[in-house]
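User: I am new to this kind of model and would like to learn how to read it feature by feature. Could you take me through it slowly?

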Amino acid sequence: MSGYQFKDILSVKATAYDACELCCGKTDGITKSGRLARVNHTIAVDPDIIPLGTKIFIPQLGHLYTAEDIGGKIKGKTIDVYMADHEQAINFGVKELTIYILEETGSI
Ligand SMILES: [Zn+2]
């Protein structure tokens, strides 16, 4: 069984999106990584800051996320959190979040 340890802690500006035409310009919900976006799991990142595939814990949201997507407006210390629908994404607004970048430690 593999575990994770904290590699880095970042303060980021977070917004939210969903799989609608307005947010994505398409509606298939397929992320940059090729996986289907999932609520409480998928976030979009700037891959120059956070590589795709990185596991990220966000205490303020209470979930472990995976960096699976990118976005034209997601540059620098900014993330976009995937939501179930457009209303939830709008209601999320803009938040300052502390995120924990995790790395696998191998077996414990
Ligand atoms: Zn939307």
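**Reading burial, strands and core**

Analyst: Ile56 counts as buried because 21 C-beta neighbours lie inside 10 Å. The cut-offs are that a residue is buried if 20 or more other C-beta atoms lie within 10 Å of its own, exposed if 12 or fewer, and partly exposed in between, with C-beta atoms placed from the backbone. This is a predicted model, in which local features need pLDDT of at least 70 and side-chain atom pairs count only at pLDDT 80 or more, while totals for chains, interfaces and linings use all residues. Residues are numbered from 1 along each chain as its sequence is written.

User: Where does Ile56 lie, and which residues does Ile56 touch?

Analyst: Ile56 lies in strand 3, where helices (H or I, at least four residues) and strands (E, at least two) are DSSP runs numbered from the N terminus. Two residues are in contact if their C-beta atoms, placed from the backbone, lie within 7 Å. Not counting residues up to four places away in sequence, Ile56 touches Ile43, Tyr65, Ala67, Ile99, Tyr100, Ile101 and Leu102. The C-alpha atoms of Ile56 and Ala67 are separated by 7.3 Å, although these residues are 11 apart along the chain.

User: How many helices and strands does the protein chain have, and what pattern do they follow along the sequence?

Analyst: The protein chain has two helices and six strands, and read along the sequence they give the pattern β-α-β-β-β-β-α-β. The radius of gyration, taken over C-alpha atoms, can be set against the globule rule, which is 2.2 Å times the number of residues to the power 0.38. For the protein chain the radius is 13 Å, close to the 13 Å that the rule gives for 108 residues, so the chain is as compact as a globular protein of that length. Its C-alpha trace spans about 45 × 30 × 25 Å along the principal axes. Of the 108 residues, 27% count as buried.

User: In which sense, parallel or antiparallel, do strand 3 and strand 4 pair?

Analyst: Two strands pair if DSSP finds at least two bridges between them. Strand 3 and strand 4 pair in the antiparallel sense over four bridges, and Lys55 stands opposite Thr66 in strand 4. These two strands form a hairpin with four residues between them, and Gly62 in the turn has a positive phi of about 75°. In a regular strand the side chains alternate between the two faces of the sheet.

User: Which strands pair with strand 2, and in which sense?

Analyst: Strand 2 and strand 4 pair in the parallel sense over three bridges, with Asp69 in strand 4 as the bridge partner of Ala44. Strand 2 also pairs with strand 5, in the antiparallel sense over two bridges, and here Ala44 stands opposite Asp80. Strand 5 is largely enclosed by the rest of the structure, because four of its five residues are buried.

User: Which residues have the most contacts inside the largest nonpolar core?

Analyst: A nonpolar core is a set of buried Ala, Val, Leu, Ile, Met, Phe, Trp, Tyr and Cys residues joined through C-beta atoms within 7 Å. The largest one has 22 residues, and those with the most contacts inside it are Tyr17, Ile43, Val45, Ile79 and Val81. Strand 1 (2-17), strand 2 (42-44), strand 3 (55-58), strand 4 (63-69) and strand 5 (78-82) each supply at least two residues of this core, and the largest share, four residues, comes from strand 1. Leaving out residues up to four places away in sequence, Tyr17 touches Cys23, Cys24, Ala44, Asp80, Tyr82, Met83 and Ala89.

User: Is Thr98 buried or exposed, and where is its place?

Analyst: Thr98 has its place in strand 6 (residues 95-107) and is exposed, because 12 other C-beta atoms lie within 10 Å. Leaving aside neighbours within four places in sequence, Thr98 is in contact with Ile9, Ser11 and Pro59. Thr98 and Val12 are 86 residues apart in sequence and 6.3 Å apart in space, C-alpha to C-alpha.
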